[in-house]
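Work through the exercises below with the coordinates open. Each task is followed by a stepwise solution.

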Amino acid sequence: MTSNASLLRSLLMPLLAGLAIVLVSMYILGDSKAIFHSDTALRSVLARVALAEGNPIPHGWMFANGDLLTFTPYVFSLAIEALFGTSFLGNAAASWIAYAALLASLFVALRRAIPDSRAHAFLGLALSASMLSAANLEFVATQGAYSLTAAAQVVLATLFLVRSRHHRLQVCAIATIAFLLAVANPKRAWILSFAPFVAGLVALVFTDGNYRGLSRRLIPAAAAFFAGALLGTLTYYVAVLPHVLSYDAAANVRLASPSFFIGVVKSLPSSWYAYFTLGGGWMEIPTWLRVIQLVAWALATALWIAPAYLILSPRASSAQRLYAWQAYAFLGAGLAPLCLLEGLYWGPMEIRYASTGIFFGIISVCSALSVAASRRAPTQARQPSVGIVALGLFAVAVSAQWQWATQPANPDARGVSLAEREALIAKLRKERVGSAMASYWNSHVISVLSDGDVFVNPIDYSSRISPFAHHVPVAPLHGAAGNREALILTKAEMEKYGDHPAIQQIGTPDRIVESGPFVVWIYNRHAVDSVYAADDRIDGPVPAASVGLTLNRDRIAPCGADSCEVELQATNSGQETLATAGKLPMRIGLQGRAADGSVMVQDLGRIEFVNPLEPGETAKLSSTLKNIPAGVTAISACLLQEGVQWLCDRTAVEAALPLEAPIDPAKAGLTLSVDKLRTCTEEPGCRQTIVIHNSGDLPINSGGPYPLVIGYRLTHPSKDPGTVTEGRLQLAAPIVAGESISLDFVPPRSSDDAEYQVCLLQEQVTWLCAQTRYDPGSATP
């Protein structure tokens, strides 16, 4: 072989690895825009909030599951946002830096594991750069959720292998990495990082004779590791977590039942291979891509086989065995929780929790190929074989096809394309909308794609508009496009829930425009701010003595249907604003009661405060209950603070409150289920039954110096003009607003043609006959 040929052959694998890196880098910085979504975009919005607050872990952000995102590309977004502002390219650049850090850590580890073969090391770099699957590309390279964590674990393993003259520096590096992992999210760090890492080390010490003698040398490194991990955990719980807002999105996770465990175990093999698809179904992809797909699945299988080969091979080095054990430990740590806990496994995409194990597996595959090659032909082990070159070409092919798989006109997983979002942004700019709100998957993504001109704040839209639970700013952000605000919904969302929640909460829009699949309600007022109610957030326990709520009724009769509408009129009789906003919001809790009045269902449902209710204000509130249990004969309501306490002792009923002054007649109303009332003669059958419905806003028969009562007037035309007999209908209990009762009574006797009229009246004030209506089909008891 000539020197030129030898040089070309030695450069071939580095060239292939470099080409794979360039292709994927081009995808991250450009083509990935077609599938850009809010989970990736949110770190740019978070950086905007952090910079405005001057705090990298801002108080004005709702985190999720206690994850501070400080070991993600967010740390790079902070600097990029400060220098260049909000943009897709800035967001993608942060992902690319994390991607580059991962590849650098992997290449150092590959060179440590395979010091005698640059070709195999560059093969591992090329395979890692390609990501091997569309899901891995998304979660690791594009979104960057697992890139820095995987890089840190690879660096930790490599540091434990290095015999450095700079021992103190090495120990400090180990402690620092452990600290940073723990302070970002200690639960995740201990379960998905520290536990498998230690398990892999212990397995190596007890199975590798060459490494057992080095266990004493590991003591300082292990001490530094645990010191950093414990200090990071302590810092997180004492100095960080008490000062940030975090929504526990994993609260529904629980130990798996035997049937669930067996079901997931059976599903994992197929989910593993589904995770390693390159995009599209088998019948949808061309033949050349099917060949590449088969190789990807073969490598997915090798990720499990190669570590075992290294562990059992006498030719494998201690470094290779360490990475092999780390592969199994991290694969197990990522997959075991899916089987043991319900609420984590939803399909193949959950394999992402094993991302670190996949990269350790790639190191093991290349190490195993090197060991096998040296065993067959030791003198040629350093040169790339045809098979190694073929795998390098495979990595390049995988890296290249990502760019062909995404097009701006193709809809994403949520049914909206990049082209449609860009058209929406253009329309929002034209309408001078600088602040908007939309469902989560159409929120942060538009904020970043618009370069911060339009900040779209995430909401839930169903029976009420409310801020999204997590990954949201506490106070809505406003962009530079203009002062108008908007509600953005897809046509499917509008069709599903209708426009009633929006009209009820933020009123009729000043303008409605459409853009592709979107409907945009535009307001010339602060609609977004009113929904977020940032000034009325409740993030801590409220003193019970400072709150109070007065309701217009004590009991609500269930409608008996599958879906039951519950309405209440509520008055804030306390000193604090009542708002369903914040981490510990206020709501009205509903309880189901049995016929004897006892509580049968402690928690039947909730009624939310659609808008903050200031002290002294009154509002009509409603909620829909479904599948009310049999035996519930009445529904009672109490004020409550979520996560703190029920406040039934701070909840009063208007019917129990006497009327102390003349009322506004417009607030009173009475409906009788008859067309006309007649007097009773001497004939038998005088007793009558009527249904009385309180159609006003105030209680009837509630007591006090000016009570509302039901009276009758008997006018005798045959006697002296103006002769009137008056009386009162006797009621056993108050009739609260909206309530109907059935009344059995005997009309007054009269032998002449007297006119008989029943009316509502306020004692000592006036008769309210104009507020009394006769309607035979109106009310039911």
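This is a predicted model: local features need pLDDT of at least 70, side-chain atom pairs count only at pLDDT 80 or more; totals for chains, interfaces and linings use all residues.

Residues are numbered from 1 along each chain as its sequence is written, and side-chain values use heavy atoms, with hydrogens and water left out.

**Exercise 1.** Classify the crossing of helix α3 and helix α4, where helices are DSSP runs (H or I, at least four residues) numbered from the N terminus.

Solution. 
- Step 1: The axes of α3 (residues 74–84) and α4 (residues 88–113) come within 8 Å and cross at roughly 140°; axes are lines fitted to C-alpha atoms over the stretch in contact, with angles from 0 to 180 degrees between N-to-C directions.
- Step 2: α3 is therefore oblique to α4 (under 35 degrees is roughly parallel, over 145 roughly antiparallel, 65 to 115 roughly perpendicular, the rest oblique).
- Step 3: Phe76, Ser77 and Ile80 of α3 meet Gly90, Ala93, Ala94, Ile97 and Ala98 of α4, contact being heavy atoms within 4.5 Å.

**Exercise 2.** Determine whether strand β14 is buried or exposed, and find its partners.

Solution. 
- Step 1: Buried means under 20% relative accessible area, exposed over 50%, and partly exposed in between (1.4 Å probe, protein chains only).
- Step 2: In β14 (residues 586–593), 8 of the 8 residues are buried, so the strand is largely enclosed by the rest of the structure.
- Step 3: Side chains in a regular strand alternate between the two faces of the sheet. On one side of β14 lie Met586, Ile588, Leu590 and Gly592, on the other Arg587, Gly589, Gln591 and Arg593, all buried.
- Step 4: Strands (E, at least two residues) are DSSP runs and pair if DSSP finds at least two bridges between them. β14 runs antiparallel to β17 (residues 634–641), with 8 bridges, and to β15 (residues 599–608), with 6 bridges.
- Step 5: Glutamine 591 faces serine 636 in β17, while leucine 590 faces glycine 605 in β15.

**Exercise 3.** Give the strand order of the open sheet of 4 strands.

Solution. 
- Step 1: The order is β23-β22-β25-β26, with antiparallel pairing.
- Step 2: β23 (724–728) and β26 (766–768) are the edge strands, each pairing on one side only.
- Step 3: From one strand to the next, the twist averages 40°.

**Exercise 4.** Locate lysine 33 and state its accessibility.

Solution. 
- Step 1: Lysine 33 lies in the loop between α1 (3–29) and α2 (38–53).
- Step 2: Its relative accessibility is 27%, so lysine 33 counts as partly exposed.
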